[in-house]
Amino acid sequence: MAFGCRADGVGDSVEVAPLMGDVHRYVIVYFALFGVLLLASGLWLFGMKAGFGVETIAEYYLGNEALLKPPKSREGLLEIAVPHLGGMGLFIMVSAHFVLFTSQRSRRLMVWVAALCFIGALLAIASPFAIIAGWGVFAGVKLAAMVLFQITGLFLLWTVCYAAVMSLRESF
Amino acid sequence: MKFLAGNALDATPMMRVLLLGLQLFSILFLCFDMLYKFETIGLSYAAVHTYLFGDEVLYIDAVLLSTLLELLHADTFFAMMILLALGSIYARLCPSKKRALYALHTVMIAALLAIVSLPAALYVGNIFIGVWSVSFVLWHLGAVLMALEIVWRLRR
């Protein structure tokens with residue numbers, strides 16, 4: 001798998017991309033490093049605020065009277081959800097579209113990974129609303145969606161970064 | 001990126017206008033981000049130290065870790081998107097590959113350092129306060145210069 005090849009996508013109608021230069025490949029490597037930092041900081045923030053247990057997540061959103069923790073309001077959740085709807089969608093699209101520049105042959109796998117990444121992100125954003133609406137089971141969904149988004153996001157970043165590094169090695 | 005890596009990037013009038021507009025917004029973002037950080041955190045060692053650890057004499061609280069992480073999380077996203085676009089366009093327009101690589105490595109490494117050095121200052125040591133100040137200014141100024149060169153090369 002390497003960069004600078006065809007951008008033939010899933011179907012045949014996508015135009016062929018020109019060769020990419022070394023500078024573009026470095027840009028992609030750095031993009032992947034930023035992506036890892038973005039995922040790590042998001043995970044750290046979530047773990048610090050809500051924790052990684054189903055009970056702690058439910059408590060974070062529903063509050064705890066004994067510990068004087070107030071429940072999250074719908075407005076508060078919207079403040080978090082709105083920028084993430086824009087940002088996560090953009091992040092997944094940009095990360096995944098670099099795969100089109102690679103000679104990655106298992107296109108079907110990458111399509112599934114990108115789709116699962118979108119689904120994980122969407123569920124992670126939407127499930128807090130279900131939790132405060134009274135569906136406690138969505139605390140587990142939130143955790144599972146976070147894990148799914150992190151794993152698929154890292155896999156996308158690894159795939160494009162690996163392809164860029166291999167291309168750079170070949171060009172030396 | 002697929003469009004930026006395509007042919008005739010600078011020859012298309014529409015693309016030229018789009019790229020010039022993007023550079024304008026990027027330059028404004030970078031300048032106002034520097035101003036915003038200067039106002040909220042500060043750039044001197046003393047100001048950043050007070051922001052991170054507080055000051056008992058002046059009754060200034062230390063920043064909450066969650067607040068700092070939220071700031072870094074958003075900064076990481078903006079930096080990656082701005083530098084992805086800027087780096088891709090610069091790679092196409094800069095006539096010297098060597099200079100493009102130097103500029104790219106400098107700006108990207110400085111930006112990565114700026115992101116990790118504030119938490120590192122909290123957990124590792126105060127030396128990272130200086131690292132943050134230098135790397136933060138370096139990546140912003142470097143990116144502004146790259147954007148200005150792109151504007152220069154797109155002129156007609």
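This is a predicted model: local features need pLDDT of at least 70, side-chain atom pairs count only at pLDDT 80 or more; totals for chains, interfaces and linings use all residues.
**Stop 1: the interface**

Color chain A and chain B separately. Now select the residues where they meet. On chain A, 32 residues are in contact with 34 residues of chain B. Together the two chains bury about 3,100 Å² between them. Carbon and sulfur atoms account for 85% of that area.

Next, look for polar links. The interface of chain A and chain B holds 7 residue pairs in polar contact, counting pairs with both residues at pLDDT 80 or more. Which parts of chain A supply at least two residues each to the side that touches chain B? Select helix 1 (22-49) and helix 3 (74-97) of chain A: each of them does. Helix 1 of chain A gives the most, with 19 residues. Color this side of chain A by residue type.

**Stop 2: a salt bridge**

The interface of chain A and chain B has 2 salt bridges. To see a salt bridge, select Lys49(A) and Glu70(B). Their closest N and O atoms are 2.3 Å apart.

**Stop 3: Tyr30(A)**

Go back to helix 1 of chain A and pick Tyr30(A), which lies in that helix. Is Tyr30(A) buried or exposed? Tyr30(A) has a relative accessible area of 8%, so it counts as buried, the cut-off being under 20%.

Now show what surrounds Tyr30(A). Leaving aside neighbours within four places in sequence, its contacts are Leu104(B), His105(B), Met108(B), Ile109(B) and Leu112(B). Along the chain, Tyr30(A) and Cys161(A) are 131 residues apart. Their C-alpha atoms, however, are separated by 8.4 Å.

**Stop 4: the largest nonpolar core**

The largest nonpolar core has 80 residues. Select Phe34(A), Phe91(A), Leu52(B), Leu83(B) and Trp139(B), the members that touch the most others. Which helix gives this core its largest share? Highlight helix 3 (residues 65-93) of chain B, which supplies 14 residues.

Zoom in on Trp139(B). Not counting residues up to four places away in sequence, Trp139(B) touches Leu30(B), Ala79(B), Leu83(B), Val107(B), Ala110(B), Ala111(B) and Ala114(B).

**Stop 5: a second core**

Finish in chain A. Select Ile57(A), Ala58(A), Ala124(A) and Met146(A). These residues are among the 12 in a second, separate core.

How values were computed
Residues are numbered from 1 along each chain as its sequence is written. Chains are lettered from A and ligands numbered from 1 in the order in which they are written. Side-chain values use heavy atoms; hydrogens and water are left out. Contact means heavy atoms within 4.5 Å. Buried area is the accessible area (1.4 Å probe) that two parts lose on being put together, summed over both. A salt bridge is a side-chain nitrogen of Lys or Arg within 4 Å of a carboxyl oxygen of Asp or Glu. A polar contact is a pair of N or O atoms within 3.5 Å; within protein, one must be able to donate a hydrogen and the other to accept it, and residues adjacent in sequence count only if both atoms are side-chain atoms. Helices (H or I, at least four residues) and strands (E, at least two) are DSSP runs, numbered from the N terminus. Buried means under 20% relative accessible area, exposed over 50%, partly exposed in between (1.4 Å probe, protein chains only). A nonpolar core is a set of buried Ala, Val, Leu, Ile, Met, Phe, Trp, Tyr and Cys residues joined through side-chain atoms within 4.5 Å.
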